[in-house]
Amino acid sequence: MRGGADPRVTSYWSFVTEGARLATTEVARETERCTLVIDKPGARALGLLIALGLALVGLPAAQAQPGASRSTSSSGARWALAAQWQVGGLGADAVDATATSVVTVSDTDDRVQVYSTSGTLVSQFSIGGDVAATGVAVSPDGLIFVSDYSNNTGIHVYRPDGTPFATFRPPGVADFTPWGLDVDQAGNAYVADPIADTVYRFDAVTGAVSKVGSSGAATGRLDGPYDVAAAPDGTVLVADGNNHRIQRFTPGGAFLATFGSAGWGPGQFGSRPHSVDVMPDGTIAVGTASQPVRIFNAAGVFLQEAWAGSEVTALATGPDRSIYAAALLTNPVVWGVAKLSPTTSGVATVKAPKKGVRVTRRKVALTIRCISADPCKGVVQLTVKGKSLNAAKAYSLPAGAKAKVKVKLTRKGLKIVRKKPVTKAVATVTGSTRKVRIRR
């Protein structure tokens with residue numbers, strides 16, 4: 001641990017209620033336990049301390065039960081860009097969200113930053129240059145978990161003020177390479193390991209460490225799982241990267257369902273899905289490196305694409321069903337966080353001549369029509385295999401109206417278009433996408 005801490009290693013946590021202090025006692029158990037590195041010989045707690053090395057304080061003892069009903073996304077809801085802000089010099093490697101804050105971690109800047117949900121920097125603290133941060137999660141009681149990918153040290157846990165609290169990892173694992181992680185409402189931690197092709201589950205009550213998934217391409221098996229999300233119904237969603245799909249499991253590791261496939265069509269993953277999160281109503285958001293955010297209902301049925309930036313490195317969802325994507329923003333072109341919020345905006349469509357549209361003074365003219373009874377508003381985004389061609393262009397139309405919108409290409413976008421006489425692009429608006437031919 002850093003910051004002058006005096007580390008101490010124990011094989012498990014035991015409950016101590018008097019004085020709310022940790023004691024270490026050798027107890028032989030057949031169940032695997034999580035190895036902890038504690039920053040102090042004694043750590044304060046506000047009630048029962050969890051037997052696992054998560055060191056979570058005052059969490060509810062009950063666990064959500066798998067198999068509870070999952071509702072689909074609210075009728076008519078669409079997600080559109082609501083806010084964006086720059087994060088550090090080269091953005092965030094991971095992000096998590098609560099009702100009041102957005103937490104990012106950056107391996108390049110070596111720090112955790114806490115923002116309001118509108119993008120105001122509230123606090124920050126250094127994690128040191130030795131931590132190769134790849135994931136972040138906020139526990140129900142506010143502790144901040146950070147994955148350390150390349151140093152084989154495990155998961156670092158910090159108090160909200162940034163002071164180190166604990167470090168844990170699965171015992172007996174020589175090479176632990178954690179990436180995305182999540183902590184459910186009962187305090188159980190799930191950590192994706194893309195090299196081991198598995199997800200580790202750290203039980204908050206018993207301290208047992210188990211696995212979800214194993215290496216392979218068949219359903220129920222994993223190949224490069226980069227992220228994991230604990231759903232409100234108690235099930236577990238895994239971003240099965242190299243298999244280009246999302247899989248759902250019980251907490252015990254039993255396979256339940258899968259959706260998604262390789263490809264560039266609606267609901268497909270042209271590049272590997274590396275980030276997943278679940279909203280309170282079961283709606284699922286998935287991030288890839290070179291596509292808009294994909295949004296699915298709880299059953300895995302594709303709902304829409306939502307543009308967040310040209311490169312999405314990670315995403316998280318908030319209790320209000322907003323999506324926070326760490327990405328390379330397009331207007332201005334900086335690394336930061338894009339907030340996508342649900343809206344009742346009507347569905348729009350894009351119309352373009354079959355022969356294509358011509359670039360004039362770096363601009364492309366597209367006709368947008370609002371086909372809903374509600375007014376339509378959002379942004380127009382042109383992409384080629386996930387690469388952005390333009391600075392996001394906003395539009396607002398009355399119900400049933402149509403208008404010609406001139407979209408300005410970026411310098412990089414113009415360079416892509418000039419490579420061929422005709423470039424096949426995808427135009428994305430609120431509620432729909434359309435293939436567009438752009439003539440240079």
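Trainee: What should I know about the model before I start?

Mentor: It's a predicted model, so to speak of local features we need pLDDT of at least 70, and side-chain atom pairs count only at pLDDT 80 or more, while totals for chains, interfaces and linings use all residues. Residues are numbered from 1 along each chain as its sequence is written, and side-chain values use heavy atoms, with hydrogens and water left out.

Trainee: What pLDDT does the chain average, and where does it stay under 50?

Mentor: pLDDT is the predictor's confidence in each residue, from 0 to 100. Where it is low, the predicted coordinates should not be read in detail. Here the chain averages 81, and 82% of the residues score at least 70. Residues 1–75 are the stretch to watch: pLDDT stays under 50 there. The model still has 186 contacts beyond four places in sequence for that stretch, a contact being heavy atoms within 4.5 Å.

Trainee: How many helices and strands does the chain have?

Mentor: One helix and 37 strands. Both are DSSP runs numbered from the N terminus: helices are H or I with at least four residues, strands are E with at least two. As for burial, 55% of the 440 residues count as buried. Buried means under 20% relative accessible area, exposed means over 50%, and partly exposed is in between (1.4 Å probe, protein chains only).

Trainee: And what share of the contacts joins residues 24 or more positions apart?

Mentor: Among contacts with a separation of 6 or more, 52% come from residues 24 or more positions apart. Thr330 has a relative accessible area of 10%, so it's buried. Leaving aside neighbours within four places in sequence, its contacts include Trp307, Gln381 and Asn390.

Trainee: Let's do salt bridges. How many does the count come to?

Mentor: Side chains of opposite charge can pair when their charged atoms come close. The rule used is a side-chain nitrogen of Lys or Arg within 4 Å of a carboxyl oxygen of Asp or Glu, and the count comes to five. One of them joins Arg248 and Asp233, at 3.9 Å from N to O. Arg248 lies in strand S20 (residues 245–249) and Asp233 in the loop between strand S18 (225–230) and strand S19 (236–240), so the pair ties together parts that are 15 residues apart in sequence.

Trainee: Are Arg248 and Asp233 buried or exposed?

Mentor: Arg248 counts as buried, at 4% relative accessibility. Asp233 is buried too, with a relative accessible area of 4%.

Trainee: Now a sheet. In what order do the strands S29, S31 and S35 come?

Mentor: Strands of a sheet pair through backbone hydrogen bonds, either parallel or antiparallel. Two strands count as paired if DSSP finds at least two bridges between them. In this model, three strands form an open sheet in the order S29-S31-S35, with antiparallel pairing. Strand S29 (348–351) and strand S35 (402–408) stand at the edges with a single partner strand each, so one side of each is left without a neighbour in the sheet. Strand S31 (residues 363–370) pairs with S35 over seven bridges. Thr367, for instance, has Lys404 in S35 as its bridge partner.

Trainee: Last one: which residues have a positive phi without being glycine?

Mentor: Most residues other than glycine have a negative phi. His244 is one exception, with a positive phi of about 55°. It's in the loop between S19 and S20, and His244 is buried, with a relative accessible area of 18%. Arg361 is another case, with phi near 50°. Its place is the loop between strand S30 (357–358) and S31.
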